Every structure is written in C-alpha cells, then in structure tokens.
Amino acid sequence: MTDRQKDPITGNPRYGEKTQERVKVLLKKHDILIAAIQAIFESNANSSSNGSSGSGDGAAVVETIKESVRKQAEQEQIEKEMKQKEMEHNLLDQKKRDELKAQEEADRRREEMEQEQREREALSRRAEEARRARLDAERLEQERQARADYSWMQSIPKGPDGVRTILHQQLKVSAPSDAEYRTAVRSLHTIFGQIVARPEEPKFRRIRRNHAAFVQDVGRHAGGKELLVAAGFRLDRVDGVPSFFSREPDLETDMDAWSEWFDTLKATLQILSDE
C-alpha cells in the first residue's frame, strides 16, 4: 500500500476493505482492456504489412477479449469462492477453538467444584470421626467414673450408724478447725431439714456435685460427701448434671421402703442436731 493510499496523520488506510476490492477489480479490468487494445493495434499492424483487410482478425481479437474477460471473471469467482471458503474455514476454526476453550473452562470449573466437594466431604468425615471419638471418650470416661463411684459408694457404711461413724471418724477429724466443722454440720443440717420438712420436693433432694457452696462448706472435707451416701443419697446425673440425689420410693406401691428411707433422713437430721 503506497503512502497516497494512507492517511498522513493516522497512517491508517484511506479506504475500507470493500472499496479496496472494487478498486482492485477495476484495475484488473483496466489491465485487460489495455492488453486488448494492444492486441488490436498489433493485429492491425500485422494485417497492413501482410496486405490483408484485417476484418477477420478484428473479430478474432474481439473473441480473444471476450475470452479473456470470461476467464478473468471465472478467476475472480474462483478467488471469491476460495476466499469465502477460507473465511468459513477460519470462522469454523475459531468456533471450534471457542468451543474447546469453553469446554476446557467448564472442565476446569467442574474439577474445582468436585475438588471442593471432596474437601467438604473429607472435612465432614473428619468432623464426624472427631465427634464420635469424643463421644466414645466421654462414654468410656463416664463408665469408668460410674464404676469408680459405685465402688466408692459400696465402701461406705449405710444407715444412721454409718452416718454417725462418718461424722465422728472422718468429717470431724478432717476439718481443719472446729469452726469449719461446725459450718459443715450446719450446712448438712439445713439440707436434711429441708428434705424432712418437704420430702416430696425433688429440688431439696438434689445437690450438684460441684456446687460451689456445698464444696466450700462440706464437699472439700473428707467425710462430707460420704455422709450423704450413708444417709441414702446416690451419685446420679440429673438433667445431665452429676449430682447427689436422694430418690424417694413410691409411697403407694412400697410403703416399707418409703418408711425406711424417711426414717433414715430423720435419724440423720437428729444426729446432726445433736452435734
């Protein structure tokens, strides 16, 4: 492309692709016409030198021009079809490349999603395994603690005699001072006094194992918790909380058991009162 065919400022072509194509066609036809004219003049010159009229040669020249134009038109058509096919081929290739790129992107995204799903499932499995391991550990610990508690409760003497023995031989001995021993006795007296006054009320018969006031006044001393067991309390889980609980027998179905249970409570209260 010559400098005259370009914009002097931008350097871009002055004409669009369609205009350039039309110009090329005209130039080709111009070349054909020039060639035909030269052929006519050459034919006339030859006819003059040979002494012939040249009318037949003129007709032949015209046919030659027509044939040249026809061939040129065929060639242009072929080139046009080839260009069209090339464009279609390029478009098809581009479409295939776009489809391939889209498929690759879809495959990549699917793989990412599958990987994320696998990671979520693995995380969920690990969490579930950890949860089960924790529950198993808690269950084993509860079972171990239950066995230890059972053995401990079995070792404690029961009934009023057991209460009296534990009070004098353990609690009184283990309390650091007489004042702390008196505090423990008063706290126990309050507990059993509430139960005897209202034996049907469960809240008075339940003492949380780690209740701060109970631990401070009674539970931290040897014999404090043992006295509860001797008086009929059992280690249990009430609403999921480890507690000392005195379970009331059914008065209607087992009068003897209820009487024995209540007599032990009253006897314990009396022993504490005597202190």
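Modeller: The lining of the largest pocket divides into 7 charged, 2 polar and 2 nonpolar residues; here Asp, Glu, Lys and Arg count as charged, Ala, Val, Leu, Ile, Met, Phe, Trp, Tyr, Cys and Pro as nonpolar, and the others, Gly among them, as polar. The model is predicted, so that local features need pLDDT of at least 70 and side-chain atom pairs count only at pLDDT 80 or more, whereas totals for chains, interfaces and linings use all residues. Residues are numbered from 1 along each chain as its sequence is written, and side-chain values use heavy atoms, with hydrogens and water left out.

The lining consists of Glu21, Lys24, Val25, Lys28, Glu76, Gln77, Glu79, Lys80, Lys83, Gln84 and Met87. The elements that contribute two or more residues to it are α1 (17-50) and α2 (55-154), and α2 gives the most, with 7 residues. Helices (H or I, at least four residues) and strands (E, at least two) are DSSP runs, numbered from the N terminus. The space in this pocket is about 410 Å³, a volume being the space filled by probe spheres set on grid points that are joined across faces, edges and corners. A pocket is an open set of points, on a 1 Å grid over the protein atoms alone, where a 1.4 Å probe fits, with protein on both sides within 12 Å along at least five of seven lines; lining residues have an atom within 4 Å of a point.

The chain as a whole has 7 helices and 3 strands, running α-α-α-α-β-α-α-β-β-α from the N terminus on. Of its 275 residues, 21% count as buried, that is, under 20% relative accessible area with a 1.4 Å probe and protein chains only; exposed means over 50%, and partly exposed lies in between.

The salt bridges come next. Side chains of opposite charge can pair when their charged atoms come close. A salt bridge is taken as a side-chain nitrogen of Lys or Arg within 4 Å of a carboxyl oxygen of Asp or Glu, and the count comes to 23. One network of salt bridges links Glu105, Arg108, Arg109 and Glu112. Aspartate 107 pairs with arginine 110, with the closest N and O atoms 2.7 Å apart; both residues lie in helix α2, 3 residues apart, about one turn of the helix. Aspartate 107 is partly exposed at 29% relative accessibility, as is arginine 110 at 41%.

In helix α4 (residues 178-197), aspartate 178 and arginine 182 are 4 residues apart, or about one helical turn. The closest N and O atoms of this salt bridge are 3.9 Å apart, and arginine 182 is partly exposed, with a relative accessible area of 30%. A further salt bridge joins arginine 205 to glutamate 248, with the closest N and O atoms 3.6 Å apart. Arginine 205 lies in the loop between α4 and β1 (206-208) and glutamate 248 in the loop between β3 (241-245) and α7 (255-274), so this pair ties together parts that are 43 residues apart in sequence. Arginine 205 is buried, at 5% relative accessible area, whereas glutamate 248 counts as partly exposed at 26%.

The open sheet has 3 strands in the order β1-β3-β2, paired antiparallel; two strands pair if DSSP finds at least two bridges between them. Because β1 and β2 (234-238) stand at the edges with a single partner strand each, one side of each is left without a neighbour in the sheet. The twist averages 45° from one strand to the next, with axes fitted as lines to C-alpha atoms and angles running from 0 to 180 degrees between N-to-C directions.

Between β1 and β3 there are 3 bridges. Arginine 208 has serine 243 as its bridge partner in β3, and isoleucine 207 stands opposite phenylalanine 244. Between β2 and β3 there are 5 bridges, and valine 238 stands opposite valine 241. β2 and β3 form a hairpin with 2 residues between them. Aspartate 239, in the loop between these strands, has a positive phi near 55°, although it is a residue other than glycine. Aspartate 239 is exposed, with a relative accessible area of 71%.
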